Amino acid sequence: MAAASGRRVSPEAIRFEDDGSIPNNRLPLLVYPGAVAVGGADPAAGFEARFAANDWRGGWRNGIYPFVHFHSTAHEVLGIAWGEARVRFGGDAGRVLTVRPGDVVVIPAGVGHQNLGSSADLLVVGAYPAGMNWDLCRGRPEERPRVLENIARVPLPATDPLYGQDGPLLEHWQGA
(Lines give C-alpha, C1' and ligand atoms only; values in the text may rest on other atoms or scores of the structure.)
Protein backbone atom coordinates (compact mmCIF):
# COMPACT_ATOMS: atom_id res chain seq x y z
CA MET A 1 0.00 0.00 0.00
CA ALA A 2 1.68 3.21 -1.12
CA ALA A 3 0.93 6.81 -0.51
CA ALA A 4 -1.85 8.10 -2.71
CA SER A 5 0.70 10.16 -4.59
CA GLY A 6 3.17 7.27 -4.84
CA ARG A 7 5.56 8.93 -2.40
CA ARG A 8 6.01 9.15 1.33
CA VAL A 9 3.77 11.70 3.04
CA SER A 10 5.09 14.01 5.75
CA PRO A 11 2.64 14.48 8.60
CA GLU A 12 1.31 17.73 9.99
CA ALA A 13 2.15 17.94 13.70
CA ILE A 14 -0.45 19.60 15.93
CA ARG A 15 0.05 20.26 19.64
CA PHE A 16 -2.67 20.73 22.23
CA GLU A 17 -2.44 22.12 25.75
CA ASP A 18 -4.06 20.56 28.80
CA ASP A 19 -7.44 22.29 29.08
CA GLY A 20 -8.14 21.18 32.66
CA SER A 21 -10.50 18.45 31.49
CA ILE A 22 -8.74 16.82 28.54
CA PRO A 23 -5.04 16.39 29.44
CA ASN A 24 -3.77 16.11 25.87
CA ASN A 25 -0.04 15.39 25.63
CA ARG A 26 3.37 16.98 25.09
CA LEU A 27 3.54 14.75 21.99
CA PRO A 28 1.92 16.19 18.86
CA LEU A 29 -1.02 14.66 17.02
CA LEU A 30 0.23 13.60 13.58
CA VAL A 31 -1.99 13.90 10.49
CA TYR A 32 -0.85 12.16 7.30
CA PRO A 33 -3.26 13.53 4.66
CA GLY A 34 -3.94 11.21 1.74
CA ALA A 35 -1.13 8.94 2.86
CA VAL A 36 -2.68 5.68 1.72
CA ALA A 37 -4.15 4.81 -1.67
CA VAL A 38 -7.55 3.28 -0.97
CA GLY A 39 -9.66 1.19 -3.28
CA GLY A 40 -10.81 -2.29 -4.02
CA ALA A 41 -13.52 -4.29 -2.33
CA ASP A 42 -11.98 -3.98 1.16
CA PRO A 43 -9.82 -0.87 1.60
CA ALA A 44 -9.76 -1.42 5.36
CA ALA A 45 -7.69 -4.58 4.89
CA GLY A 46 -4.81 -2.54 3.49
CA PHE A 47 -4.69 -0.33 6.58
CA GLU A 48 -4.83 -3.39 8.83
CA ALA A 49 -1.95 -5.05 6.98
CA ARG A 50 0.20 -1.90 7.01
CA PHE A 51 -0.40 -1.18 10.69
CA ALA A 52 0.25 -4.81 11.70
CA ALA A 53 3.44 -4.95 9.60
CA ASN A 54 4.71 -2.00 11.65
CA ASP A 55 3.66 -3.59 14.96
CA TRP A 56 0.55 -1.49 15.54
CA ARG A 57 -1.94 -4.17 16.55
CA GLY A 58 -5.23 -4.80 18.35
CA GLY A 59 -6.97 -3.50 15.27
CA TRP A 60 -10.64 -2.71 14.93
CA ARG A 61 -13.07 -1.41 12.31
CA ASN A 62 -15.77 1.05 13.26
CA GLY A 63 -16.28 4.81 13.44
CA ILE A 64 -15.26 7.49 15.93
CA TYR A 65 -17.29 8.10 19.08
CA PRO A 66 -19.56 11.18 18.97
CA PHE A 67 -18.45 12.32 22.44
CA VAL A 68 -15.14 13.76 23.62
CA HIS A 69 -12.91 10.95 24.80
CA PHE A 70 -9.27 9.94 25.03
CA HIS A 71 -7.13 6.96 25.92
CA SER A 72 -4.71 7.26 28.84
CA THR A 73 -3.00 3.89 28.46
CA ALA A 74 -2.19 3.78 24.73
CA HIS A 75 -1.47 5.84 21.65
CA GLU A 76 -3.87 5.18 18.75
CA VAL A 77 -3.72 5.28 14.96
CA LEU A 78 -6.81 5.87 12.80
CA GLY A 79 -6.93 5.09 9.09
CA ILE A 80 -9.90 6.39 7.11
CA ALA A 81 -10.98 3.63 4.72
CA TRP A 82 -14.38 5.00 3.59
CA GLY A 83 -16.43 8.13 4.04
CA GLU A 84 -15.44 11.29 5.81
CA ALA A 85 -15.89 12.91 9.21
CA ARG A 86 -15.43 16.20 10.97
CA VAL A 87 -13.38 15.35 14.04
CA ARG A 88 -12.41 17.69 16.83
CA PHE A 89 -9.04 16.85 18.34
CA GLY A 90 -7.72 18.29 21.60
CA GLY A 91 -11.02 18.73 23.48
CA ASP A 92 -13.59 21.51 23.36
CA ALA A 93 -10.99 24.18 22.58
CA GLY A 94 -9.17 21.94 20.10
CA ARG A 95 -9.06 21.89 16.32
CA VAL A 96 -11.65 20.50 13.91
CA LEU A 97 -10.30 18.53 10.95
CA THR A 98 -12.13 16.81 8.14
CA VAL A 99 -10.70 13.33 7.61
CA ARG A 100 -11.16 11.54 4.28
CA PRO A 101 -10.28 8.21 2.68
CA GLY A 102 -6.54 7.62 2.74
CA ASP A 103 -5.89 9.89 5.72
CA VAL A 104 -4.05 8.54 8.74
CA VAL A 105 -4.08 10.21 12.16
CA VAL A 106 -1.82 9.20 15.05
CA ILE A 107 -3.27 10.26 18.39
CA PRO A 108 -0.97 10.40 21.42
CA ALA A 109 -2.32 9.05 24.71
CA GLY A 110 -4.40 11.72 26.41
CA VAL A 111 -5.37 13.67 23.29
CA GLY A 112 -9.13 14.16 23.07
CA HIS A 113 -11.06 13.29 19.94
CA GLN A 114 -14.74 13.49 18.97
CA ASN A 115 -16.76 12.84 15.81
CA LEU A 116 -18.79 16.01 15.15
CA GLY A 117 -20.51 14.53 12.10
CA SER A 118 -19.74 11.97 9.44
CA SER A 119 -21.01 10.42 6.26
CA ALA A 120 -23.13 7.28 6.69
CA ASP A 121 -20.42 5.15 5.08
CA LEU A 122 -17.59 6.16 7.45
CA LEU A 123 -15.24 3.26 8.12
CA VAL A 124 -12.21 3.76 10.33
CA VAL A 125 -9.46 1.26 11.07
CA GLY A 126 -7.76 1.70 14.42
CA ALA A 127 -4.77 0.08 16.12
CA TYR A 128 -2.29 0.55 18.98
CA PRO A 129 1.51 0.21 19.21
CA ALA A 130 2.46 -3.40 19.91
CA GLY A 131 -1.21 -4.10 20.71
CA MET A 132 -1.25 -1.91 23.85
CA ASN A 133 -4.41 -2.11 25.91
CA TRP A 134 -6.54 1.01 25.71
CA ASP A 135 -9.01 2.54 28.11
CA LEU A 136 -11.85 5.00 27.52
CA CYS A 137 -11.72 8.30 29.40
CA ARG A 138 -14.09 11.25 29.17
CA GLY A 139 -12.28 14.02 31.05
CA ARG A 140 -14.21 13.66 34.28
CA PRO A 141 -12.62 15.23 37.38
CA GLU A 142 -12.48 11.88 39.23
CA GLU A 143 -10.42 10.38 36.34
CA ARG A 144 -7.74 13.05 36.35
CA PRO A 145 -5.17 11.79 38.89
CA ARG A 146 -5.23 8.28 37.41
CA VAL A 147 -5.07 9.35 33.77
CA LEU A 148 -2.19 11.77 34.31
CA GLU A 149 -0.18 8.94 35.87
CA ASN A 150 -1.16 6.57 33.05
CA ILE A 151 -0.22 9.00 30.28
CA ALA A 152 3.20 9.60 31.84
CA ARG A 153 3.86 5.82 31.75
CA VAL A 154 2.87 5.19 28.11
CA PRO A 155 6.06 4.40 26.23
CA LEU A 156 6.93 5.84 22.85
CA PRO A 157 6.16 3.41 20.05
CA ALA A 158 9.09 1.66 18.42
CA THR A 159 7.72 2.30 14.93
CA ASP A 160 5.67 4.67 12.83
CA PRO A 161 2.39 2.89 11.87
CA LEU A 162 2.90 3.68 8.17
CA TYR A 163 6.65 3.71 7.64
CA GLY A 164 8.12 1.54 10.37
CA GLN A 165 11.40 2.29 12.14
CA ASP A 166 12.36 5.07 9.73
CA GLY A 167 9.06 6.91 9.94
CA PRO A 168 8.51 10.56 10.84
CA LEU A 169 6.56 9.71 14.01
CA LEU A 170 9.83 8.86 15.72
CA GLU A 171 11.38 12.17 14.66
CA HIS A 172 8.39 14.15 15.92
CA TRP A 173 7.95 12.28 19.19
CA GLN A 174 11.51 11.61 20.36
CA GLY A 175 12.67 14.54 22.40
CA ALA A 176 9.20 16.14 22.46
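How many bridges pair β1 and β2, and in which sense? The two strands pair in the antiparallel sense over 4 bridges. Strands here are DSSP runs of E with at least two residues, helices are runs of H or I with at least four residues, and both are numbered from the N terminus. Two strands count as paired if DSSP finds at least two bridges between them. The structure is a predicted model, in which local features need pLDDT of at least 70 and side-chain atom pairs count only at pLDDT 80 or more, while totals for chains, interfaces and linings use all residues. Residues are numbered from 1 along each chain as its sequence is written, and side-chain values use heavy atoms, with hydrogens and water left out.

Strands β1 and β2 belong to an open sheet of 6 strands, with the order β1-β2-β7-β4-β9-β3 and antiparallel pairing. β1 and β3 stand at the edges with a single partner strand each, so one side of each has no neighbour in the sheet. On average, neighbouring strands of this sheet are turned by 20° against each other, direction ignored. Axes are lines fitted to C-alpha atoms, for helices over the stretch in contact, and angles run from 0 to 180 degrees between N-to-C directions. In general, strands of a sheet pair through backbone hydrogen bonds, either parallel or antiparallel.

Buried means under 20% relative accessible area, exposed means over 50%, and partly exposed lies in between (1.4 Å probe, protein chains only).

The antiparallel pairing of β4 and β9 spans 5 bridges, and the bridge partner of Val 77 in β9 is Ala 127. β3 is likewise joined to β9 by 5 bridges, running antiparallel, with Asn 62 bridged to Val 124 in β9. Of the 7 residues of β9, 7 are buried, so the strand is largely enclosed by the rest of the structure. Helix α1 lies across β3, β4, β7 and β9, and runs at about 155° to β4. Contact means heavy atoms within 4.5 Å.

A further open sheet consists of 3 strands in the order β6-β5-β8, with antiparallel pairing. Its edge strands, β6 (95–99) and β8 (113–118), each pair on one side only. The twist from one strand to the next averages 25°. Strand β5 (residues 85–89) is joined to β6 by 5 bridges, and Val 87 stands opposite Leu 97 in β6.

Asn 24, with phi of about 55°, is placed in the loop between β1 (12–16) and β2 (25–32). Its relative accessibility is 2%, so Asn 24 counts as buried. Asp 55, with phi near 65°, lies in the loop between α1 (43–53) and β3 (56–62). Asp 55 is partly exposed, with a relative accessible area of 34%.

Arg 138 occupies the loop between β9 (123–129) and α2 (144–153). At 36% relative accessibility, this residue is partly exposed. Arg 138 touches Ile 22, Phe 67, Val 68, Phe 70 and Glu 143, residues up to four places away in sequence not being counted.

The largest pocket holds about 200 Å³ of space. On a 1 Å grid over the protein atoms alone, a pocket is an open set of points where a 1.4 Å probe fits, with protein on both sides within 12 Å along at least five of seven lines, and lining residues have an atom within 4 Å of a point. Grid points are joined across faces, edges and corners, and the volume is the space filled by probe spheres set on the points. The lining includes Trp 60, Asn 62, Glu 76 and Leu 78. β3 and β4 (76–82) each supply at least two of the lining residues.
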